[in-house]
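Dear colleague,

Please find below the structure that I am handing over to you, together with its sequence.

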Amino acid sequence: MFAARMNRFGESASIRAAQLARQLAAGGRDIILLTTGEPDFPTAEHVKVATMSALNFEQTKYTGVTGTLELRQAICRKFKRDNQLDFAEDEIIVSAGAKQVIFNALMATVEDGHEVIVPAPCWVSYIDMVRLFGAKPVVINCGQAQNFKLTPDQLERSITDRTRWVMLNSPCNPSGATYSQTELQGLTDVLMRHAHVWVLADDIYEAIVYDGIEFSTPLQIEPRLRERALTVNGVSKTYAMTGWRIGYGAGPRELIGAMSKLQSQSITSPSSVSQAAALAALTGDQEYVTQRTREFQSRRDFIVPALNAIPGLSCHMPQGAFYVYVGCGGILGKKTPTGKKILTDEEFALYLLESVGVALVHGAAFGMSPYVRISFAAHMEVLKDACARIGKACRALRE
Ligand code: PLP
């Protein structure tokens with residue numbers, strides 16, 4: 001009944017972990033959900049007002065395949081304002097989330113025999129999408145010792161004649177690793193020596209960077225990559241608008257044209273009212289975005305030392321996004337109070353869920369073990385409770 005391609009990839013592990021936790025919560029269990037990849041803040045009031053107005057003016061019909069001209073113009077202004085990049089409206093595509101932009105780009109460009117370089121730990125959808133389209137994900141281990149970042153040397157060694165893309169996600173989900181200008185320069189220098197390799201810059205966490213770090217995107221560092229770079233962003237994380245499903249990509253006209261062709265035969269156009277909402281978010285007040293990032297930073301500053309104080313856990317300081325990727329090597333091999341030995345990060349995540357009701361995602365889901373990813377997109381009181389529970393569960397383990 002099902003196509004062979006369905007066996008090439010899996011369901012999103014973080015979505016699955018969240019579903020399991022929600023099921024337990026629905027059954028009456030007291031569960032703290034730290035699995036989600038979405039800010040816990042509401043959609044801004046002015047965005048809601050603009051959406052209501054779009055409804056009242058009957059902006060409820062199909063739009064152009066790549067999005068409304070107004071929104072694409074606003075996206076061009078955003079690239080100019082925040083990244084000093086010049087794009088024309090026909091170099092922009094709006095899709096149902098950054099995820100769909102990436103999906104369209106890979107579907108349009110990769111097939112059997114191609115390779116895509118994915119630095120890990122990573123957002124696992126890259127790997128599954130590459131597999132879905134018949135290509136090979138070349139997963140590069142970028143461990144904690146190198147701050148979870150791809151080095152120029154690793155990139156150089158991973159490129160073959162078959163390489164199509166390198167995926168660069170900064171700030172990174174799940175590690176929060178954020179590349180500096182110098183680090184990006186090292187990578188773009190390598191790319192300049194390999195004219196057949198394209199770069200997909202997933203900048204979805206651009207606005208969420210800490211300690212005064214300045215965000216940069218590869219094209220800003222090396223404008224000569226313009227004809228082989230796709231820069232991806234969206235409103236999900238910056239404006240806490242995950243459910244509106246609006247993401248966008250900027251790249252060469254031919255690539256955007258191919259992605260648009262695919263979109264015309266799949267979703268037709270992104271949602272009209274969501275586009276009106278995204279327009280208001282991109283063109284309206286930006287101050288609240290900075291305030292929210294400050295709030296994320298104070299949560300990070302709480303959670304990192306709190307987790308490091310727990311025996312068996314080791315937590316680095318993320319520079320961006322709203323996740324901590326916590327090493328749990330010190331837990332493996334220990335026994336739970338019921339006598340079960342914890343052998344993997346997945347078993348540790350399950351133990352935390354079952355014993356103290358804290359839901360998080362195991363590291364294998366992001367291509368690097370033994371770790372667990374904790375989202376700190378939750379209220380400070382919730383985070384305090386979660387850390388206390390995780391501490392209790394870890395202290396109950398025996399050698
Ligand atoms: N890229 C990364 C690294 C993400 O973590 C996510 C969402 O979790 C996305 C892309 C997709 O975002 P969107 O909601 O715009 O589809």
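What is the volume of the second largest cavity? In this predicted model, the second largest cavity has a volume of about 50 Å³. Its lining is made up of Pro39, Phe41, Ile208, Lys237, Thr238, Ala240, Val289, Arg292, Thr293 and Phe296. By class, 6 of these lining residues are nonpolar, 2 are polar and 2 are charged.

Cavities

The structure contains 3 cavities of 30 Å³ or more. For the largest cavity, the volume comes to about 90 Å³. Its lining has 13 residues, and those nearest the centre are Pro119, Pro121, Asn169, Cys172 and Tyr179. Two strands, strand 3 (115–120) and strand 5 (163–169), each provide at least two residues of this lining. Strand 5 accounts for the largest share, with 3 residues. The lining of the largest cavity comprises 11 nonpolar and 2 polar residues, with no charged residue.

The volume of the largest pocket is about 690 Å³. Its lining consists of 33 residues, and Ile15, Gly37, Lys99, Trp123 and Lys237 lie nearest the centre. Helix 1 (13–26), helix 4 (98–109) and helix 5 (125–132) are the elements that contribute two or more residues to it. Helix 1 makes the largest contribution, 6 residues. In terms of class, the lining of the largest pocket has 13 nonpolar, 13 polar and 7 charged residues.

Where is the ligand found? The ligand sits in the largest pocket. There are 13 residues around the ligand, of which Ala98, Asn173, Asp202, Ser236 and Lys237 come nearest. This shell is divided into 5 nonpolar, 4 polar and 4 charged residues.

From Lys99, a backbone N or O atom lies 3.0 Å from an oxygen atom of the ligand. In the case of Asn173, a polar side-chain atom is 2.8 Å from an oxygen atom of the ligand. Arg245 has an N or O atom in its side chain at 2.8 Å from an oxygen atom of the ligand. The ligand taken alone exposes 400 Å², and the protein buries 92% of that area.

The second largest pocket

The second largest pocket has a volume of about 500 Å³. Of the 22 residues that line it, Asp82, Glu206, Ala207, Val289 and Thr290 lie nearest its centre. The elements supplying two or more residues to this lining are helix 3 (69–83), strand 7 (229–234) and helix 11 (287–308). Helix 11 gives the most, with 4 residues. The lining of the second largest pocket has 8 nonpolar, 8 polar and 6 charged residues.

With kind regards

Note on methods:
Residues numbered from 1 in each chain as written. Predicted model: local features only at pLDDT ≥ 70, side-chain atom pairs only at ≥ 80, totals over all residues. Heavy atoms only, no water. 1 Å grid on protein atoms, 1.4 Å probe; cavity = no way out; pocket = protein on both sides within 12 Å on 5 of 7 lines; lining within 4 Å. Points joined across faces, edges and corners; volume = space filled by probe spheres on them. Nonpolar A, V, L, I, M, F, W, Y, C, P; charged D, E, K, R; others polar. Near = heavy atom within 4 Å. Polar contact = N/O pair within 3.5 Å; in protein donor to acceptor, adjacent residues only side chain to side chain. Areas by Shrake-Rupley, 256 points an atom, 1.4 Å probe, with all protein chains shown as cover. Sits in = over half its atoms within 2 Å of the grid points.
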